[in-house]
Every structure is written in structure tokens, then in C-alpha cells.
Amino acid sequence: MIEDTIAAIATPIGTGGIGIIRISGTDALNVLKKIFRSREKNFVSHKIYYGFIFDAEKNNLLLDEVLVMIMLAPRTYTREDVVEINCHGGLVCVNKILDLVLKNGARLAEPGEFTKRAYLNGRIDLSQAEAVIDIINAQNNFANDIALKQLKGKLSQEINLCMIKILDVLGQIEAAIDYPEEYEIKTQDIYLDILKVAEQIKKMLDSSDVGEIIKNGINIAIIGKPNVGKSSILNALSKKDSAIVTEIAGTTRDVIHEFINIGGVTAKILDTAGIHKTEDKIENLGIQKAFDCLKMADLILFVFDWSREFDIDDKNLIDMCKKNDKKILFVANKFDLEQKLFLEEKDLNEELIKISAQKNLGIEDLVNKIKSLFLEKNILDKNDEVYICNKRHESALRKAYESLLKTLETIKNKMPCDLISIDLRDAYDFLGEITGESVSDKIIDEIFSKYCVGK
Ligand SMILES: Nc1nc2c(ncn2[C@@H]2O[C@H](COP(=O)(O)OP(=O)(O)O)[C@@H](O)[C@H]2O)c(=O)[nH]1
Ligand SMILES: [Mg+2]
């Protein structure tokens with residue numbers, strides 16, 4: 001049982017219609033009673049009360065007119081008594097009430113402490129608590145949907161099923177060790193059971209590529225020599241006039257970016273300085289930034305000029321991009337003009353996506369190509385699947401998977417039972433890291449420190 005009562009501002013800092021101060025703990029109601037006056041004398045759980053906040057120490061100074069929500073344990077976010085004071089938004093008012101709450105018996109909550117209590121008091125498991133952060137930080141609908149599913153326990157369910165199966169096998173092995181006369185271990189059955197769990201985990205691991213894309217979006221760098229139309233392409237893709245477009249080579253120096261939505265996934269498009277040899281100091285700084293973009297990109301849009309001949313700048317750039325081992329789409333821009341671009345490489349020629357950024361031709365094709373590169377599995381159709389979008393989960397799953405593979409090896413090699421159970425127990429513990437069943441306090445603290453205060 002956690003003893004102290006915590007409080008924090010739950011709404012964003014700044015001016016707003018309302019601000020909410022949240023209090024949780026055994027003393028929540030007592031704190032409220034010291035500062036709140038209302039016509040109602042007896043508070044009932046899960047009801048809203050209208051009244052005023054006063055500071056008794058300052059001669060009953062009136063602080064605000066408020067609505068107070070009272071929620072008594074256990075049907076609350078933290079499973080403790082919770083009080084939420086809805087006051088007028090705005091820095092001064094909200095902070096004054098928070099100070100008063102702190103003076104009257106509550107302590108300032110640490111980041112994520114309300115959710116941490118929900119976890120420690122057993123209302124949600126660790127992966128569900130992490131889903132709360134993901135919902136708050138979701139950048140698009142998909143990311144939000146996945147986090148919401150995780151909050152409802154979909155991931156925990158799958159992990160728990162795997163853990164139950166492993167526990168069952170462990171039980172059989174232990175029985176066989178303890179009572180060798182009565183229990184004979186059926187290695188073939190055990191092997192198949194473990195194989196099934198391993199396959200299930202592999203499936204979840206495979207979803208992490210898509211999960212990552214959904215959660216973090218993709219970075220697309222537009223690369224090419226000067227004046228091929230990179231900035232025009234950024235503008236065409238984002239349907240905005242973000243980047244300056246001129247006929248003067250070397251116009252773009254800084255990296256400019258725009259976010260667009262590609263099939264529900266957030267894509268950050270980076271327009272860069274044209275890469276070529278130059279003595280211009282500022283242009284060279286821009287070119288350096290273009291290289292940096294290239295390194296962090298998930299996809300390179302390599303742009304040629306359809307109306308100019310293939311030259312050494314194109315050649316060098318292609319070699320450099322290929323060295324980076326990234327996904328590349330080759331684009332020929334200015335398709336509205338007469339063809340002067342002839343590529344020797346047959347493959348490249350066939351791959352070439354022809355567009356005109358200026359005339360807005362072929363842009364939709366380009367977007368569809370990008371989409372198919374990243375969303376081969378149609379996410380929209382697979383509503384029921386669990387996606388792994390969290391590095392911590394991915395790493396725990398990978399370790400569990402490896403332990404299971406080792407277990408299978410041990411069984412295949414006809415090793416003794418106690419050796420089988422060592423790796424199997426490891427696999428169980430790694431899975432337990434995801435739900436929080438077997439996780440250190442340090443990791444728990446680390447997870448909750450990523451939250452905002454008041455959640
Ligand atoms: N005809 C034609 N001109 C284009 C097209 N795209 C860009 N341009 C022109 O090419 C020049 C360079 O464009 P810009 O986007 O600044 O190229 P960047 O240096 O690669 O960023 C400008 O004068 C544009 O108007 C196109 O699709 N067709
Ligand atoms: Mg430019």
C-alpha cells in the first residue's frame with residue numbers, strides 16, 4: 001500500500017479554458033475538504049460538485065470558482081481515492097491551487113506517477129502503462145489505434161498465452177525430474193509446444209518493422225544535383241509552397257522539411273541542397289547537411305533531370321547513395337520537357353518514375369510507389385493483429401525467441417531435462433519483462449520517467 005498522497009497539474013501548461021489539478025491517495029478527500037466549500041456537505045463517489053477554493057491561512061482568500069470530481073477507490077485511474085479540481089485555465093490560477101493542495105498535505109507527483117500507481121496497484125500491467133505514453137504521443141491514427149489496443153490488453157493477452165504454454169511445459173519437465181517413476185517426459189510433444197510458442201513470438205517480432213514505421217513515421221530525403229527540381233518535388237508532395245524554387249542552381253542551402261500523410265503513415269520529406277562540387281562556403285555547408293539527411297533517411301528519392309544529359313555529378317551521387325544501403329526510388333523530373341536523359345543501366349531505366357513537379361504530373365504514382373515500399377502488408381485490413389512498436393518489447397521478445405531456439409536445440413540434441421528448463425525459464429522471464437511480471441525497479445523507474453507530469 002502506497003502511503004502518501006500525490007498531486008499535479010494534469011492539463012498542459014499555458015492558457016486554456018480549464019485547468020485540472022489531480023490528487024490521488026488516501027488523503028485526497030481530506031486535502032480537498034480543507035480548501036473547498038460547496039453547498040453539499042456529504043460527498044458521494046463519482047459525482048461532480050460545484051463550489052469555491054479558499055486559502056484558510058490567508059484569511060479565507062478566494063482562489064477560484066471550480067468543479068470538483070470525486071472518485072473513491074477502487075474504481076479509479078490509480079485504484080486510490082482520486083480528486084480532480086477543474087478550475088479556470090491559465091498559469092496563475094492553476095499553479096495557485098496546486099500550491100494550496102501541496103500546502104494541505106499532498107506531495108508533488110513525479111512524472112508518470114499516477115500511471116505508475118495504476119500499475120503498482122495492479123489495475124494495468126506494464127505494457128498497458130506504456131500504451132498510455134504512446135497514446136499521448138501518437139502522431140497519427142494508426143499509432144493511436146495500436147496504442148489503444150495495447151492499453152486494452154491485446155499485447156498482454158498474447159504474451160500471457162505464450163507464458164502459460166511455457167509454464168505448462170516447465171511443469172511437465174519438473175514433474176519428470178521430481179517423480180521419474182510416475183512421469184515420463186514426451187519430448188516430441190514438448191518440442192512441438194515450444195515450436196508453436198517460438199513461431200508465435202517470431203510473428204510478433206516480424207511486425208516490429210511495420211510497428212516502427214507506424215509509430216515513428218518515415219524519413220524521405222530528396223537527393224540530386226542542383227536544379228533538377230528537388231524543392232519543386234517537396235512542394236508538389238506537400239501541396240505547399242514551402243521551399244524556394246528558382247532557376248538559379250544552389251538555391252536551397254538549409255534542409256527544409258514537410259510532413260505528409262502516406263496511407264495513414266506520417267512521412268517527413270526532407271529537401272536538401274543539390275550535391276555537386278563547389279567552392280561556395282555556404283553551399284558546401286548545405287551539402288554537408290544533405291549528407292547527414294541521407295544517413296538518417298529511410299528512403300532516398302533520387303532525382304534526375306529528364307531535360308538534361310546524364311553527367312558525372314549524377315554518376316558520383318548514385319554511387320554514394322548506393323554505398324549507404326538504403327531504399328532508393330529513382331525519379332526523373334521535368335518529364336514535360338524534351339528528353340535528354342538517357343541512362344545506360346537498363347534496370348535503372350526501367351525503374352525510373354517519370355514526373356513533372358511543376359505540372360503536377362505523376363506525383364500520385366510516386367506516392368503510391370512509396371506507399372507500397374513501406375506498407376506491403378496492408379495494415380488497414382489487419383485490424384486484429386498485434387504490432388510491436390516499442391523497442392523495449394522488441395528486445396525482450398527477441399531474447400525470449402533466442403532462448404526458445406536454444407531450448408529446441410537442447411531437445412534435439414537429447415540433452416537432460418534440467419538443461420531444457422534453464423533456457424525455457426529464461427524465455428519465460430524475458431516475456432515477463434514486457435508485462436512487468438519479471439522486471440527490475442530500475443527499468444520501471446526509467447519507463448515512467450518518460451511520462452509527462454500529471455499522467
Ligand atoms: N519544366 C519544368 N521545370 C521544372 C520542373 N520542376 C522544377 N522545374 C524548374 O527547375 C528549376 C529548379 O527547380 P528547383 O525545385 O529549385 O530545383 P532544386 O535545385 O533541385 O531544388 C526551377 O526553375 C523550376 O521552376 C518540372 O517538372 N518541369
Ligand atoms: Mg532546391
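How many Å separate the centres of domain 1 and domain 2? Taken over C-alpha atoms, the two centres are 42 Å apart.

## Getting your bearings

This is a predicted model, in which local features need pLDDT of at least 70 and side-chain atom pairs count only at pLDDT 80 or more, while totals for chains, interfaces and linings use all residues. Residues are numbered from 1 along each chain as its sequence is written, and chains are lettered from A and ligands numbered from 1 in the order in which they are written.

The protein chain is assigned a domain 1 (6-109), a domain 2 (128-207 + 387-449) and a domain 3 (214-379). Those bounds come from an automatic or database domain assignment. Helix and strand names follow DSSP runs, numbered from the N terminus: helices are H or I with at least four residues, and strands are E with at least two.

## The seven-strand sheet

Let's start with an open sheet of 7 strands, running in the order β3-β4-β5-β6-β2-β1-β7 with mixed pairing. β3 (36-38) and β7 (107-108) stand at the edges with a single partner strand each, so one side of each has no neighbour in the sheet. Two strands count as a pair here if DSSP finds at least two bridges between them. Helix α1 (residues 28-35) packs on this sheet, where α1 touches β2 (18-24), β3, β4 (47-55), β5 (61-71) and β6 (82-88). Touching means that C-beta atoms, placed from the backbone, lie within 7 Å. The direction of α1 makes about 35 degrees with that of β6; such angles run from 0 to 180 degrees between N-to-C directions, with axes fitted to C-alpha atoms, for helices over the stretch in contact.

Now zoom in on β1 (residues 6-9). β1 runs parallel to β7, joined by 2 bridges, and pairs with β2 in the antiparallel sense over 4 bridges. Ala-7 has a bridge partner on each of these strands: Ile-23 in β2 and Leu-108 in β7. Ile-6, meanwhile, stands opposite Arg-107 in β7. Ile-6 and Ala-8 point one way from β1, Ala-7 and Ile-9 point the other way, and all are buried. Buried means 20 or more other C-beta atoms within 10 Å of a residue's own, exposed means 12 or fewer, and partly exposed is in between, with C-beta atoms placed from the backbone.

Most residues other than glycine have a negative phi, and most peptide bonds are trans. A few places here go the other way. The peptide bond from Ala-73 to Pro-74 is cis, with omega near 5 degrees, and Pro-74 is found in the loop between β5 and β6.

His-46, in the loop between β3 and β4, has a positive phi near 60 degrees. Asn-60, in the loop between β4 and β5, also has a positive phi, near 55 degrees. Are these residues buried or exposed? His-46 is exposed because it has 10 other C-beta atoms within 10 Å, and Asn-60 is exposed with 10 such atoms within 10 Å.

## The six-strand sheet

There's another open sheet, with 6 strands in the order β9-β10-β8-β11-β12-β13 and mixed pairing. Its edge strands are β9 (256-262) and β13 (353-354), each pairing on one side only. β12 (residues 327-333) and β13 run parallel, joined by 2 bridges, and Val-331 stands opposite Ile-353 in β13.

Helix α10 (residues 281-296) lies across β8 (218-223), β10 (265-271) and β11 (299-305). The helix runs at about 140 degrees to β8.

## Around ligand 1

Ligand 1 has 22 residues around it, the closest being Gly-229, Lys-230, Ser-231, Ser-232 and Gln-358. To be near, a residue needs its C-beta atom, placed from the backbone, within 6 Å. Helix α9 (residues 230-238) gives the most to this shell, with 3 residues.

By class, the shell holds 5 nonpolar, 12 polar and 5 charged residues. Nonpolar covers Ala, Val, Leu, Ile, Met, Phe, Trp, Tyr, Cys and Pro, charged covers Asp, Glu, Lys and Arg, and the others, Gly among them, are polar.

## A look at Ser-421

Finally, find Ser-421 in helix α15 (residues 417-435). Ser-421 is buried because 20 other C-beta atoms lie within 10 Å. Leaving out residues up to four places away in sequence, Ser-421 touches Leu-170 and Ile-173. Thr-407 is 14 residues from Ser-421 in sequence and 7.7 Å away in space, C-alpha to C-alpha.

Definitions and conventions. Two residues are in contact if their C-beta atoms, placed from the backbone, lie within 7 Å.
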